[in-house]
Amino acid sequence: MSNNKRKMHLNCHIVGVGQHPAGWRTQNDTRAFINPHFYQEIAKLAELGKFDALFFSDSLSLHGHPHGPSQMLDPLIVSSSILSVTKYLGFICTASTTFSDPFILARQFLTLDHLSQGRIGWNAVTTYNPAAAKNFGKILLPSSLERYTRAKEFIQVVMKLWESWGKEALIADARSGMFADPAQVNSIDHHGQYYTVTGPLTLPRSPQGMPLLVQSGSSEAGQALAAKFADIVFTSQTSFERAKHFYRCLRAKVKAQKRSENSLKILPGLFPIIGSTLAEAQERKAKMDELRNVDEDIIMLARQLGIEPDDLKLHQPLPYQLIEKSSKDIVSKGFLSEIVNFARTRNLTVYQLILQNMGMHRMLLGTPEMIADDMEKWFLESAADGFNLNFDSFPDALQVMVDHVIPILQKRNLFRSDYTEQTIRERFGVAYCQGKREISD
Ligand SMILES: Cc1cc2nc3c(=O)[nH]c(=O)nc-3n(C[C@H](O)[C@H](O)[C@H](O)COP(=O)(O)O)c2cc1C
């Protein structure tokens, strides 16, 4: 048993009723994704397992597998509806910097941060699906470069708004009648390339300084943004050596920003499929795979690669040359690079790739011990500070994780046995420090 004090961080990713596109077909309630009790049950289970947070991904257009419920309800609204069944669990909600308004977003996240007593995080995404643009009066998605330029200013505005009330600004003194200290509530007077916002925000400072900031783009621009602003990075990493390289390089970029390397936590995705034997895990996966709609899988894969579905032949390798020439403005460069590397190094056909979660988040089949061993290795050998966990189908796969894998990690002193911190920042060890992060350039 190792005696290290550093503990891993674990998030539970919620998408539809689970990550496997056919997972919904194995459930009793095939409409569970619109059932409020479904989310409450997941939240209670995740808190029982002492997870750091639930992570809600999001999409602003119908995507993924239209034959299954991979579309999402609005993350902030789902979170607000289940806060009250938990006490410590964090909620990380995705929202787009390309298709949102910074004042409204800052206000909504801070509202929820107050109502949860400091348990909210924002996964700031630039949105790479061109279909989303058409839902916001635009024919074309802005280029990746423009999206990141806008994202930087958007995040700066949101942070300025979150800081527009000083920590002690709320006086609320009934005797003197002083509600807030005017000297500590200031306008932000932001005039930038994309936004003009006067401020201040309409509500007081967050109980945790400001909501947690998560970044999940892995391109050069995404990493630069993360190094500057993010507290947490979600990333797709399917190879141990590449993950170590990513971990080392991103931490160096954080240091170059004059931040402590530990002020950013790096969480690769992991997709465990757990059985009491390896064969049992394989059987579980095979049963779900039989129910897949491969035509829809091809559409989804082609979208991730920036090519047309007809360019993919089911039992042939990926068309690497075509992918190289395709537009990188309509894909996630981070996902693309992982998918291509995963398929090429294993010499996979399109079909084999599809069955391996398309190479997007590392799929790992095994017994609880095998899963725990792998997580321990990545964590102790500087490839990860924890994991953003995907489950094939809720709540049963999460239940198995909580009942069988988490206790092993706890026994090895790799994961908390109980909550000791209230806010999500404290839990991730990324305390907010006023003025330490330069946000004015
Ligand atoms: C783990 C993970 C989760 C993500 N979740 C979302 C999401 O919920 N919604 C979204 O629009 N993009 C999501 N993204 C995409 C990115 O945030 C980013 O906008 C996209 O990858 C383009 O960035 P890149 O080209 O720098 O990789 C996610 C990426 C990763 C790695």
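Phe154 is buried, at a relative accessible area of 0%. This report covers a predicted model.

**Aromatic pairs**

Across the whole structure, a search finds twelve aromatic pairs. One of them joins Trp122 and Phe154 in a tilted arrangement. Their ring centres are 5.9 Å apart, and the planes make an angle of 45 degrees. The pair links distant parts of the chain. Trp122 belongs to strand β4 (residues 120–125). Phe154 belongs to helix α5 (residues 144–162). Like Phe154, Trp122 is buried, with a relative accessible area of 0%.

Tyr194 and Tyr195 also form a tilted pair. Here the centre-to-centre distance is 6.4 Å, with 50 degrees between the planes. How accessible is Tyr194? Tyr194 has a relative accessibility of 22%, so this residue counts as partly exposed. Tyr195, with a relative accessible area of 8%, is buried. The cut-off explains the two classes: buried means under 20%.

The two pairs are set out below.

| Pair | Centre to centre | Angle between planes | Class |
|---|---|---|---|
| Trp122 and Phe154 | 5.9 Å | 45 degrees | tilted |
| Tyr194 and Tyr195 | 6.4 Å | 50 degrees | tilted |

Which residues do ring pairs link into a cluster? The members are Phe109, Trp122, Phe154, Trp162, Tyr194 and Tyr195.

**Helix packing**

Two packed helices are described by the angle between their axes and the distance between the axes. Take helix α1 (residues 36–48) and helix α2 (residues 75–82). Their axes come within 10 Å. The crossing angle is roughly 70 degrees. Therefore α1 is roughly perpendicular to α2, as angles of 65 to 115 degrees fall in that class. The crossing of α1 and α2 is right-handed.

Which residues make the contact? From α1 come Tyr39, Gln40 and Ala43. They meet Val78, Ser81 and Ile82 of α2. By class, the contact of α1 with α2 holds four nonpolar and two polar residues. No charged residue takes part in this contact.

**Arg205**

Where is Arg205 placed? Arg205 sits in the loop between β8 (196–197) and β9 (212–215). Buried or exposed? Arg205 has 6% relative accessibility, so this arginine counts as buried. Arg205 and Glu280 are 75 residues apart in sequence. In space, their C-alpha atoms are 50 Å apart.

How values were computed: Residues numbered from 1 in each chain as written. Predicted model: local features only at pLDDT ≥ 70, side-chain atom pairs only at ≥ 80, totals over all residues. Heavy atoms only, no water. Axes fitted to C-alpha atoms, helices over the stretch in contact; angles between N-to-C directions. Helix = DSSP H or I, 4+ residues; strand = E, 2+ residues; numbered from the N terminus. Parallel < 35°, antiparallel > 145°, perpendicular 65-115°, else oblique. Left-handed = near helix turned anticlockwise from the far one by under 90°. Contact = heavy atoms within 4.5 Å. Nonpolar A, V, L, I, M, F, W, Y, C, P; charged D, E, K, R; others polar. Phe/Tyr/Trp six-rings, centres within 6.5 Å; stacked < 30°, edge-to-face > 60°. Buried < 20%, exposed > 50% of the residue type's maximum accessible area, 1.4 Å probe, protein only.
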